[in-house]
Amino acid sequence: MINLDTLNTPEQASEKLGLALPTLAGWRMEGTGPAFIKMGHFVRYTDSDIAAWLAANRRTFTNQAEAA
């Protein structure tokens with residue numbers, strides 16, 4: 001049986017991240033936000049992709065360089 005991760009709408013993802021919906025939409029256009037799934041005209045975010053994006057953007061101080 002296929003175990004599907006929770007599929008969040010952009011509204012749900014922006015709420016979980018504490019971001020404005022236009023910020024998340026802009027990040028999709030720039031390719032800088034969490035990975036997303038495109039199904040026709042629907043956009044969805046999995047909880048695991050949100051968590052992975054948060055982990056990849058974790059820093060211990062303000063001007064820490066991004067990982068290469």
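Visitor: Of the contacts with a separation of 6 or more, what share comes from residues 24 or more positions apart?
Guide: That share is 45% in this protein. Bear in mind that this is a predicted model.

Visitor: How many residues does the protein have, and what part of them is buried?
Guide: There are 68 residues, and buried ones make up 21% of them.

Visitor: Let's turn to the sheet. What is the strand order, and how do the strands pair?
Guide: The order is S1-S3-S2 in an open sheet of 3 strands, and the pairing is antiparallel. Strand S1 (7-8) and strand S2 (37-39) are the edge strands; each has a single partner strand, so one side of each has no neighbour in the sheet.

Visitor: And S3, is that strand enclosed or open to the outside?
Guide: S3 is largely enclosed by the rest of the structure, because 4 of its 5 residues are buried.

Visitor: How many bridges join S2 to S3?
Guide: 3 bridges join S2 to S3, and S3 covers residues 42-46. Among the pairs, Met 39 stands opposite Phe 42, and Lys 38 has Val 43 as its bridge partner.

Visitor: What about the turn between S2 and S3?
Guide: S2 and S3 form a hairpin with 2 residues between them. Gly 40 sits in that turn and has a positive phi of about 65°.

Visitor: Which strands does H3 touch?
Guide: Helix H3 (residues 47-56) packs on the sheet and touches S1 and S3. The direction of H3 makes about 65° with that of S3.

Visitor: Switching to the other helices: what's the geometry between H1 and H2?
Guide: Helix H1 (residues 10-17) packs against helix H2 (residues 21-30) at an angle of about 105°, and their axes are 9 Å apart. H1 and H2 are therefore roughly perpendicular to each other.

Visitor: Which residues make that contact between H1 and H2?
Guide: H1 brings Pro 10, Glu 11, Ala 13, Ser 14 and Leu 17, while H2 brings Leu 21, Leu 24 and Arg 28. By class, that contact has 5 nonpolar, 1 polar and 2 charged residues.

Visitor: New topic. How many salt bridges does a search of the whole structure find?
Guide: The search finds 1 salt bridge. In that salt bridge, the side chains of Asp 47 and Lys 16 meet at 2.7 Å, N to O. The pair links distant parts of the chain, with Asp 47 in helix H3 and Lys 16 in helix H1.

Visitor: How far apart are Lys 16 and Asp 47, in sequence and in space?
Guide: They are 31 residues apart in sequence and 9.4 Å apart in space, C-alpha to C-alpha.

Visitor: Last one: leaving aside neighbours within four places in sequence, what is Lys 16 in contact with?
Guide: On that basis, Lys 16 is in contact with Asn 8 and Asp 47.

Definitions and conventions
Residues are numbered from 1 along each chain as its sequence is written. This is a predicted model: local features need pLDDT of at least 70, side-chain atom pairs count only at pLDDT 80 or more; totals for chains, interfaces and linings use all residues. Side-chain values use heavy atoms; hydrogens and water are left out. Two strands pair if DSSP finds at least two bridges between them. Contact means heavy atoms within 4.5 Å. Axes are lines fitted to C-alpha atoms, for helices over the stretch in contact, and angles run from 0 to 180 degrees between N-to-C directions. Angles under 35 degrees count as roughly parallel, over 145 as roughly antiparallel, 65 to 115 as roughly perpendicular and the rest as oblique. Ala, Val, Leu, Ile, Met, Phe, Trp, Tyr, Cys and Pro count as nonpolar, Asp, Glu, Lys and Arg as charged, and the others, Gly among them, as polar. A salt bridge is a side-chain nitrogen of Lys or Arg within 4 Å of a carboxyl oxygen of Asp or Glu. Buried means under 20% relative accessible area, exposed over 50%, partly exposed in between (1.4 Å probe, protein chains only).
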